[in-house]
Amino acid sequence: GIVVEVALAVGLGGATGAILRWQVGVFMSYLSAPAFWGTLAVNLAGLFLVGLLLMWFQGKLPINDVLRTGIVVGLLGGFTTYSAFSMEAVNMMMAGFYGRASAYVVVTVAVCLMGTWAGVMLGRSV
């Protein structure tokens, strides 16, 4: 039934999103960048896409509920990562980098909210 279809869509999307997120981390390691830059990048990109796609799915690019849920909840939910963000901030604090941790939290929240807003605005206008 529909519940099984949604569960499969979310599961497949989530697995794909998690693999993509891991690949961003591998790429950041290749660049010798701190891990938190990868987390910030996936959160910004993912939340921008959430805003954009939700607007498009409401009218400009209508898709069925199963596919929409698989993309937004599964793929983008698996791609973005609040848990990694939280652990990185706590690790910075535990290492005594309180200023860096505070800046990371403020920048992440602000930038991700702005990214989602930008996606919504673009989705409404395009």
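Biologist: What should I know before I start, and how are residues numbered?

Modeller: Residues count from 1 along each chain as its sequence is written, and side-chain values use heavy atoms, without hydrogens and water. The model is predicted, so local features need pLDDT of at least 70 and side-chain atom pairs pLDDT 80 or more, while totals for chains, interfaces and linings use all residues.

Biologist: OK, how many helices and strands are there?

Modeller: Five helices and zero strands. Those are DSSP runs, numbered from the N terminus: helices are H or I with at least four residues, strands are E with at least two.

Biologist: And what box do the C-alpha atoms fill?

Modeller: Roughly 50 × 30 × 25 Å, along the principal axes.

Biologist: Let's look at H4. Which of its residues are buried?

Modeller: Phe-85, Glu-88, Ala-89 and Met-92. They sit on the same side of H4 because they cover an arc of only 95 degrees around the axis, taking the directions from the helix axis to the C-beta atoms. Buried means under 20% relative accessible area, exposed is over 50%, and partly exposed is in between (1.4 Å probe, protein chains only).

Biologist: What do those buried residues pack against?

Modeller: Helix H2 (35-60) and helix H5 (98-125), where a contact is heavy atoms within 4.5 Å.

Biologist: And which exposed residues are on the face turned away?

Modeller: Ser-83 and Met-94. Met-94 also belongs to a nonpolar surface patch with Met-87, Val-90, Met-93 and Tyr-98, about 520 Å² of accessible area together. The area comes from the Shrake-Rupley method with a 1.4 Å probe, and for residues only the protein chains shown count as cover.

Biologist: What counts as a patch?

Modeller: Patch residues have over 30% relative accessible area and no salt bridge; like charges are joined within 9 Å, and nonpolar side chains (Val, Leu, Ile, Met, Phe, Trp, Tyr) within 5 Å. H4 gives the most to this one, with four residues. Tyr-98 is in helix H5, and it's exposed, at 53% relative accessible area.

Biologist: New topic: how many salt bridges does the search find?

Modeller: One in the whole structure. Arg-68 pairs with Asp-65, with the closest N and O atoms 2.6 Å apart. To count, a side-chain nitrogen of Lys or Arg must be within 4 Å of a carboxyl oxygen of Asp or Glu.

Biologist: Where do the two partners lie?

Modeller: Both are in helix H3 (residues 65-79), three residues apart, about one turn of the helix. An α-helix has 3.6 residues a turn, so residues three or four places apart point the same way.
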